[in-house]
Amino acid sequence: MGLYRIMLVDDEEEVRKAIIHKMNWEQLGFVMVGDAENGQDALEKLEQMEPDVVMTDIRMPYMDGLTLTGKIREKYPSVKILIFSGYDDFEYAQRAIKLNAAEYILKPVNGEELAAILRRIKKNLDEEIEQRRNINMLQERYLSSLPILRELYLNDLVRMSADVGTIAPKLREYGINILDARKWLTAMIHVEQEEKTENQVFSEHQELIPISVRDFVEDYLRMHYRFVTFNSADGITVIIAVDESNTQTGLMNLLSDICKESRRLLGVSITIGVGRSCDTLQEIGRSYRTCVDALGYRAIVGGGKVIYINDMEPVSRGKLQLDDKGEAELTAAIKFGPEELIESVIRNLAIKMDDAKVHARQYQVYMLSIVNSMIRLMQQYDLNISEMFDSGEQYTDMLDGLYCREEFAERLIPVARRMNEALNRERDNTTKQVIRQAKEYIRENYANPELSVEMLCRYLHMSPAYFSTVFKKETGQSYVNYLTEVRLNKAVELLSETDDKTYMIAQKVGYQEQNYFSYVFKKQYGVSPTKYRGPKGNG
């Protein structure tokens, strides 16, 4: 493990120097990253120093060690805290334990005792990191949960709640070999409930029937098709990849044979519902819904056989429309990207026109519905419509539905990309606007001693963690440093332009304690407020 970062907090400079120089920090596994004079000072430095361990005295001005410990526990729960005190006070020790302090020791600090404590803390930190970094253990946990994760993902896929942009990597991650097929379809296997008879193979072990049927189906399919089986809410489900080397007709014959052989070899009657095929895995949910629908015809045509949805419900060639799911995918791709997903979604929408056998006007209506969906998105986010298209003519042509199907995707993809870029810029501008609002709020409320990042974030309707990250990124300084800067600038102004006493100025700029105001002021300017003002000072 590397060296752990440690920070020392004590209001006595001699004590701090003695402790810092007394210990061989590196040999103990630590590096002293800094020190602070009091709890308030420490709290402001924590964000920059990022210590793993804080050693703090209990009795200090402005903010004592126990108050500091409580605040660290709230904001930095993983930091280890070592509290030392010159007072053998049982109540302090009790409060320190309640605040989950790592150690509580008495002053004067004995070097050997402190070294022993630091070794214990280092061992504890090592164990925590080792536990977090134990890749083998994490891999074992992952592998043991892989079958469950795989089943959950496949259920998300057929319910169409999986992220379309991650289908291929997820299938590879779970070792599911069904990618790059000519088309796909879904089948649902239903085990028929029959009267028990003495010669049934599973007469005494009914719970084994679904497992045996699933294994039986897998054995039959394995020689001819790439597929994956899993349990869904509707039963044993199979997604089958149809390659160039095999046919859908051959698959139907094989599934019929499986039904017959299940009855002969296992003594179990099964019905297989087969859904409509699809050309992309993004559409597998449609195949799944139609295979469930196919099983619904068991009551009409009987069980123990293959029921193909196309035999029950002939394919309608007269429908071509942008459904809610397609529009939602298009909107999400444009809003969040990346470019590859935008292109994929638009091309998939265009592909649907290739399979449809409809009147030419319906193709135009379908294309217009896609364009209108994008225009509504432009209007929702106040994008300049004319800037999204290559030219005014292109915009007019699209509205007139004049584009041929072959060019539709190619012309629409650049528009969608521009929209994505514009929305990303808008998000950046929104962030800058939030920072402006935050600074304005601070300038208007700096006099309030209760002003905090939480209060500010309630006003902005943001989480403190996200705001702090954004504020630091945009301004280059933390919220606390900026607030201090505003307060002290105002204090300098009041010292120069008024005869107010120092305690009055402290209160006017948000400091309840005059002493702490003087401490912060001197730390910033090198002199006290009174000396800064000069002879006319009366603080």
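No disulfides turn up here: the count is zero, where a disulfide is a pair of cysteine sulfur atoms within 2.5 Å. Two cysteines can still be placed. Cys259 is buried at a relative accessible area of 4%, and Cys291 is buried too, at 0%. (Buried means under 20% relative accessible area, exposed over 50%, and partly exposed in between, with a 1.4 Å probe and protein chains only.)

This is a predicted model, so local features need pLDDT of at least 70 and side-chain atom pairs count only at pLDDT 80 or more, while totals for chains, interfaces and linings use all residues. Residues are numbered from 1 along each chain as its sequence is written, and side-chain values use heavy atoms, with hydrogens and water left out.

As for confidence, pLDDT is the predictor's score for each residue, from 0 to 100. Its mean over the protein is 85, and 87% of residues reach 70 or more. Strand β9 (residues 270-274) scores highest, with a mean of 95, and helix α18 (residues 392-399) lowest, at 60. Helices (H or I, at least four residues) and strands (E, at least two) are DSSP runs, numbered from the N terminus. Residues 195-199 fall below 50; this stretch has five contacts beyond near neighbours in sequence, a contact being heavy atoms within 4.5 Å. Where pLDDT is low, the predicted coordinates should not be read in detail.

Val509 sits in the loop between α23 (502-508) and α24 (514-525), and is buried at 0% relative accessible area. Leaving out residues up to four places away in sequence, Val509 touches several others, including Tyr446, Arg487 and Phe517.
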